[in-house]
Each structure stands twice: as structure tokens, then as C-alpha cells.
Amino acid sequence: MHLSIFSPLGVCLVAARLPRMLGRLGRAFWWLAYALVVVVIFTVAGYFAFSFFVRSGVTTVPDLVALPEAEIGSLLVDNGLRMRRHYEGDRYDEDIPAGHVLEQSPNAGSLVKRGAAVETSISLGPERIIVPDVAGQALQAALVELTASGLSMGRIVNVYSIGAAPGTVVEQDPEAASLVGRGSAVGLFLSAVSRADTYVMPDLAYRNFEVVRYFFERRGFRLGSIKFEPYEGIAPGTVLRQYPLPGHPLGRQDVISLVVTIS
């Protein structure tokens, strides 16, 4: 016989079973909550246990950069660490003084096991170059030597200097043997031709060669190329042509060239 739940008897049967169903659901929910709590407790406990196990014997690397090398040994020992020097990493530095830590590995703040080594490189301080002596050199030669030394050309000033060949270095700034940084500029003072030693070339045409030579050599001028050519109608030993030409400036360093008649 089939009973409908909407019949009076069906309603009574459902009402009688409902408390038992709720009780079962309640117990299932309680066990589920209990299991969830146990899982959470074990998870948290495992995390803290693992963290404690991992972090036991771990220390933080201190910041060593810019500290004197003599101090970092004791600082590392206090943190349960040791130093290992990386000599290949030592180099010049304009900011960190010589003998102070330039770089470290691992970096400051890193977590490492106690007893681990911290590798350090030491600064050699600012690089200093000895300024070469370029006195007496021509400008181009001085530039080549300064560049080869790691320096640069600074201001160039022309000055009058007695006894120095024109265009050669008579002074420099900084002085030779000074210590300067790489790339520093070196100023040069070049000997200029004194206006007092500049003359006007006279007209030598048709003058006697011996007289001309005596005149110039007595006054410290240099006779260079002397070419002899036959010339009809003019006595031998007569100046035909000259260089520099008449009226041109003539300095003691200039070379005088002449063409002279020959029989």
C-alpha cells in the first residue's frame, strides 16, 4: 500500500524520522569541524617546526661596505661568520678610501648559516698617476706622452722664453712627478717667438755673397741652402735670388736660402 507524505499517516512518519536525521547531520558536521581543526593545528605546528628547524643556526650578514678591513674580521666573528678575501676584486675607487671594503658577497641583510664565509673586495683608494716631464718637447710629442700616461691636455699658453726653441714646452701645470687622478688635465706653456727677435728680411739681390754671409752669421742667423748658378753678365759670387723674400718677417730660427752666381 502506498502512502502519500501528504496523508496524515505520511506526515506522522516524516515527523518521527526528522530528529534522527538532524542528529546524524549534526554529528557529521561536528566530525568535519573537528577534522578541519586538527588539520589546521598540524599545518601551523608543522610550519613553525620547519621554520624553527631551518632558521636554527642562521644569521644575518652585516653591512661591511666602506668599513676598514681591520674591523670587519671581529664584526663577522660576532655574527658567527668568517671572512674570505677576494683579491681579484680589489680595484681603485674615488669614493671609498684605500683599505676599506669595496664590495661584499652575500649582500648585507642576507640570511646565511653560521660559519659561512663572506667574500670581500678591498678598495685601493683613488688612482693616482705620476705626471711625466714633458719640458723641452714639442706640443705633439707632449700630447702623445700625456695620453699614454692616462692624462689629458689642459690649457695651452704661449709665453716668451729666452733660450727655448719656439713651440716647445717650457713649463707645465701640474709639475712633473706630481700625483694626480686618471684623466686629469695638464696645462702646458709653450715658448713663443719673441717680437724682439723678429726682423724684416732685407733685399740681398746683387749683393756680394761673402759680405751677406758674414753679415748674417755674425748676428746669429742661419744660412741654409746655397745654390750656385752661372749667370752671364754678373760677377761670380753675386746673390741672384733669396728666401725669405725681401720685406718678409725673419726670425733667428728661420733658414735663409740663396742662389749665387758662379763663373
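# Briefing on the predicted fold and its contacts

At 7% relative accessibility, F209 counts as buried, because values under 20% fall into that class. The model described here is predicted. The protein chain has 263 residues, of which 26% count as buried, and its secondary structure comes to 4 helices and 15 strands.

**The chain as a whole**

- The accessible surface of the protein chain comes to about 17,600 Å², and carbon and sulfur atoms account for 62% of that area.

**Aromatic pairs**

- A search of the whole structure finds 4 aromatic pairs, and one of them, formed by Y199 and F221, is edge-to-face, with 5.4 Å from centre to centre and 75° between the planes.
- Y199 belongs to strand 11 (residues 198–200), whereas F221 sits in the loop between helix 4 (209–218) and strand 12 (222–230), so this pair ties together parts that are 22 residues apart in sequence.
- Because F209 lies in helix 4 and F228 in strand 12, their pair ties together parts that are 19 residues apart in sequence; F228 is partly exposed, with a relative accessibility of 45%.
- One aromatic cluster is formed by Y199, F215, F216 and F221, so that the residues of the pair between Y199 and F221 are both members of this cluster.

**Strand 5 and its neighbours**

- Strand 5 (residues 117–122) is mostly covered, with 5 of its 6 residues buried.
- Strand 2 (residues 82–85) pairs with strand 5 in the parallel sense over 4 bridges, and R84 stands opposite E119 of strand 5.
- Strand 3 (residues 101–105) runs antiparallel to strand 5 and is joined to it by 4 bridges; here Q104 stands opposite T120 of strand 5.

**Backbone features worth checking by eye**

- Most residues other than glycine have a negative phi, and most peptide bonds are trans.
- The peptide bond that joins S105 and P106 is cis, with an omega of about 5°, and P106 is found in the loop between strand 3 and strand 4 (111–113).
- A cis peptide bond also leads from Y243 to P244, with omega near 0°, and P244 has its place in the loop between strand 13 (239–243) and strand 14 (249–251).
- A66 is not a glycine, yet its phi is positive at about 80°; A66 lies in the loop between strand 1 (58–60) and helix 2 (69–78) and is partly exposed, with a relative accessibility of 39%.
- A177, likewise a residue other than glycine, has a positive phi near 80°; A177 is placed in the loop between strand 8 (169–173) and strand 9 (179–181) and counts as exposed at 57% relative accessibility.

**Salt bridges**

- Side chains of opposite charge can pair when their charged atoms come close.
- A search of the whole structure finds 8 salt bridges, among them the one between R85 and E69, where the closest N and O atoms are 2.9 Å apart.
- This pair links distant parts of the chain, as R85 is in strand 2 and E69 in helix 2, 16 residues apart.
- R85 is partly exposed, with a relative accessible area of 22%, and E69 is partly exposed as well, at 28% relative accessibility.
- R85 also forms a salt bridge with D90, with 2.5 Å between the closest N and O atoms, and D90 counts as buried because its relative accessibility is 16%.
- Salt bridges that share partners join E69, R85 and D90 into one network.
- A further salt bridge brings together the side chains of E229 and K227, at 3.6 Å from N to O, and K227 is partly exposed at 47% relative accessibility.

Methods. Residues are numbered from 1 along each chain as its sequence is written. This is a predicted model: local features need pLDDT of at least 70, side-chain atom pairs count only at pLDDT 80 or more; totals for chains, interfaces and linings use all residues. Side-chain values use heavy atoms; hydrogens and water are left out. Helices (H or I, at least four residues) and strands (E, at least two) are DSSP runs, numbered from the N terminus. Buried means under 20% relative accessible area, exposed over 50%, partly exposed in between (1.4 Å probe, protein chains only). Accessible areas come from the Shrake-Rupley method with a 1.4 Å probe; for residues, only the protein chains shown count as cover. Rings of Phe, Tyr and Trp (its six-membered ring) pair if their centres lie within 6.5 Å; planes under 30 degrees apart count as stacked, over 60 as edge-to-face and the rest as tilted. Two strands pair if DSSP finds at least two bridges between them. A salt bridge is a side-chain nitrogen of Lys or Arg within 4 Å of a carboxyl oxygen of Asp or Glu.
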